Amino acid sequence: MIYIDPPYNTGNDFIYEDDFAESTDEFFIKSNQSDEEGNKLVANTEANGRFHSDWLSMIYPRIKLAKNLLKDDGVIFISIDDSEVDTLKRVCAEIFGDNNFVATIIWQKVYAPKNSARHFSVDHDYILVFSKNKEMWAPTLLPRTAEQDLLYKNPDNDPRGPWMSDNLTARNYYGDGRHEVSGPTGNKFGPGKGRYWRSSLDNFNKLNSDGRIWWGKDGSNMPRLKRFLSEVSDGRVPQTLWTYKDVGHTQDAKKELIKYVGFEETANVLNSVKPTKLIERLIHVATTSDSNDIVLDFFAGSGPTGHAVMKKNESDNGNRKYILVQISEPLPVEEEKVKSISDLTKSRLVSVGKELSTGGSTSDIGFRVLKIDSSNMADVYYSPDEVKQGELEFQSNNIKEGRNSEDLLFQVLLDWGVDLSLPIRTETIQGKTVYLVNEAPYDLVACFDDGVNEALVKELAGFSPLRVVFRDTGFASDAAKINVAQIFKQLSPGTDVKSI
């Protein structure tokens, strides 16, 4: 599942500036909408193409990438307001295909009207729903409500339990649906003008013999079908109108944020944050508790999606994982502990995890924080014939200065496509630090220390890992470096050996 809450188009410049972007002022001058002093030459500039194209240029490549990241039975939910819901839907239809549009959810985001509104008080936002392949995705049913179950009664003490009656007629034409039926008191009933029985006379008689027809308390009423609570679906199909009573509102979202992040400045409290109850429902609809589903949010904000995943796992003993992406956008007012929105994300997740663990939770509340950086390998600016013999000493170390063993480990995990969320532990073996990724059989065993000898290599081969990696300059001798492949070929032939 992917959920994103992108910045809504307010007509302002975006912090998500791609290489091809230019400022709004530059565009207005270039397109003769403003002079060089910034005076507007045309009226209503927001109606011009730039008002939408800035935002669309930002969102289009991200939605296109999102489709590639989804599994075939995956689904994406996108929060949006009135300003761009139409254009966003067209973008998604172009990328996913019109046939993979699922629904537009209306979320009632406020609990009271805003009397300061000039025209209408806007009570709602939208959530667009598109699937990767509509034929392969179906929503998980929502739990039945107590109000729904109260509709089922048992006035005739039927041993099959509570039931409710349902109409046996419909307007749709049915060739075997124009017969008469006789009730217990001898009254005869037809389906009515312009209507048809839903079942044939033969099937009706079978239902009546099984006690599944209700004729009223005295047996003289129009027949109705008895539907038993014990036989109906355990859930309910999601509807497209979600009220704040069911999934929360914007004030709930702000209260949650303030509870889990120790703000020093009220100016830093985000205005567009979503309540976790809203995202929890999306997670319920899109995933199942007995899966290893991954929930991605690449406009993570303060991290309500990660918060919602942890809460949902706690409530149904699920094993979902989350990936949150957030640029390090500065907060309006710098604080000692939180200086950017990504700091808010981390602070919130830590607080939620502490709360769950204090409450006795056994769910996995851990998370890793990764930042994009340059390669750990040193930059080489010379071709071999340009390097003089006296400079060879400076070319011997191929690792950038300041990079540690953990940096190297995660680069190897990325290069090999190993899951970054797998458990990692360290052991000291023959005085060297060894990383063991996952449980036996280990996905990866790595040692980046200097002085690796054949004895250590043989001991590591005893783990029979899928992959093993060393630092190219970390071997105690040329012989140890040469023999490492042969040692693993003899002791652990299924291991992929690599040096960096």
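How many helices and strands are there in the protein chain? In this predicted model, the protein chain holds 13 helices and 21 strands. Of its 500 residues, 40% are buried. Contacts between residues at least 6 apart in sequence were also examined, and 66% of these join residues at least 24 apart.

The packing of helices was considered next. Two packed helices are described by the angle between their axes and the distance between the axes. Helix H7, which spans residues 250-260, packs against helix H10, residues 341-358, at an angle of about 80°, and the two axes lie 9 Å apart. Since angles from 65 to 115 degrees count as roughly perpendicular, H7 and H10 are therefore roughly perpendicular to each other. On the side of H7, the contact is made by Glu-256, Leu-257, Lys-259 and Tyr-260; H10 contributes Ser-347, Arg-348, Ser-351, Val-352 and Glu-355. By class, these residues of the contact of H7 with H10 comprise four charged, three nonpolar and two polar.

A second pair is formed by helix H8 (residues 276-286) and helix H9 (residues 304-316), whose axes cross at roughly 60° and come within 9 Å. The crossing of H8 and H9 is right-handed. Thr-276, Ile-279, Glu-280, Ile-283 and His-284 of H8 take part in the contact, and they meet Pro-304, Thr-305, His-307, Ala-308, Val-309, Lys-311 and Lys-312 of H9. The contact of H8 with H9 is made up of five nonpolar, four polar and three charged residues.

Helix H12 (residues 454-461) packs with H13 at an angle of about 25°, and their axes are 9 Å apart. Because angles under 35 degrees count as roughly parallel, H12 is described as roughly parallel to H13. The crossing in which H12 passes H13 is right-handed. Glu-454, Val-457, Lys-458, Leu-460 and Ala-461 form the H12 side of the contact, while the H13 side consists of Ala-479, Ala-480, Asn-483, Val-484, Ile-487, Phe-488 and Leu-491. Nine nonpolar, two charged and one polar residue are found in the contact of H12 with H13.

The loop between strand E20 (467-470) and helix H13 (478-491) contains Ala-476. Although Ala-476 and Glu-454 are separated by 22 residues in sequence, their C-alpha atoms are 8.6 Å apart in space. When residues up to four places away in sequence are not counted, Ala-476 touches Gly-451, Val-452 and Asn-453.

Charged side chains were then examined, and the count comes to 21 salt bridges. One of them joins Lys-109 and Asp-125, with an N to O distance of 3.1 Å. This pair links distant parts of the chain, 16 residues apart: Lys-109 belongs to the loop between strand E3 (101-108) and strand E4 (124-131), whereas Asp-125 lies in strand E4 itself. Both Lys-109 and Asp-125 are buried.

Another salt bridge is formed by the side chains of Asp-156 and Lys-226, at 2.7 Å from N to O. Asp-156 counts as partly exposed because its relative accessibility is 32%, whereas Lys-226, with a relative accessible area of 4%, is buried. Asp-156 and Lys-226 also belong to a network of salt bridges that links them with Asp-158, Arg-160, Asp-210, Arg-212 and Glu-231.

In a further salt bridge, the closest N and O atoms of Glu-427 and Arg-425 are 2.4 Å apart. Glu-427 is partly exposed at 26% relative accessibility, and Arg-425 is likewise partly exposed, at 32%.

Finally, the backbone was inspected in several loops. The peptide bond from Ala-440 to Pro-441 is cis, with omega near -5°, and Pro-441 is situated in the loop between strand E18 (432-437) and strand E19 (444-447). Gln-430 is not a glycine, yet its phi is positive, at about 50°. Gln-430 occurs in the loop between strand E17 (424-429) and E18 and, at 42% relative accessibility, counts as partly exposed. Ser-464, in the loop between H12 and E20, also has a positive phi, near 50°. The relative accessible area of Ser-464 is 37%, so this residue is partly exposed.

How values were computed: Residues are numbered from 1 along each chain as its sequence is written. This is a predicted model: local features need pLDDT of at least 70, side-chain atom pairs count only at pLDDT 80 or more; totals for chains, interfaces and linings use all residues. Side-chain values use heavy atoms; hydrogens and water are left out. Axes are lines fitted to C-alpha atoms, for helices over the stretch in contact, and angles run from 0 to 180 degrees between N-to-C directions. Helices (H or I, at least four residues) and strands (E, at least two) are DSSP runs, numbered from the N terminus. Angles under 35 degrees count as roughly parallel, over 145 as roughly antiparallel, 65 to 115 as roughly perpendicular and the rest as oblique. Contact means heavy atoms within 4.5 Å. Ala, Val, Leu, Ile, Met, Phe, Trp, Tyr, Cys and Pro count as nonpolar, Asp, Glu, Lys and Arg as charged, and the others, Gly among them, as polar. A crossing is left-handed if the near helix is turned anticlockwise from the far one by less than a right angle, and right-handed if clockwise. A salt bridge is a side-chain nitrogen of Lys or Arg within 4 Å of a carboxyl oxygen of Asp or Glu. Buried means under 20% relative accessible area, exposed over 50%, partly exposed in between (1.4 Å probe, protein chains only).
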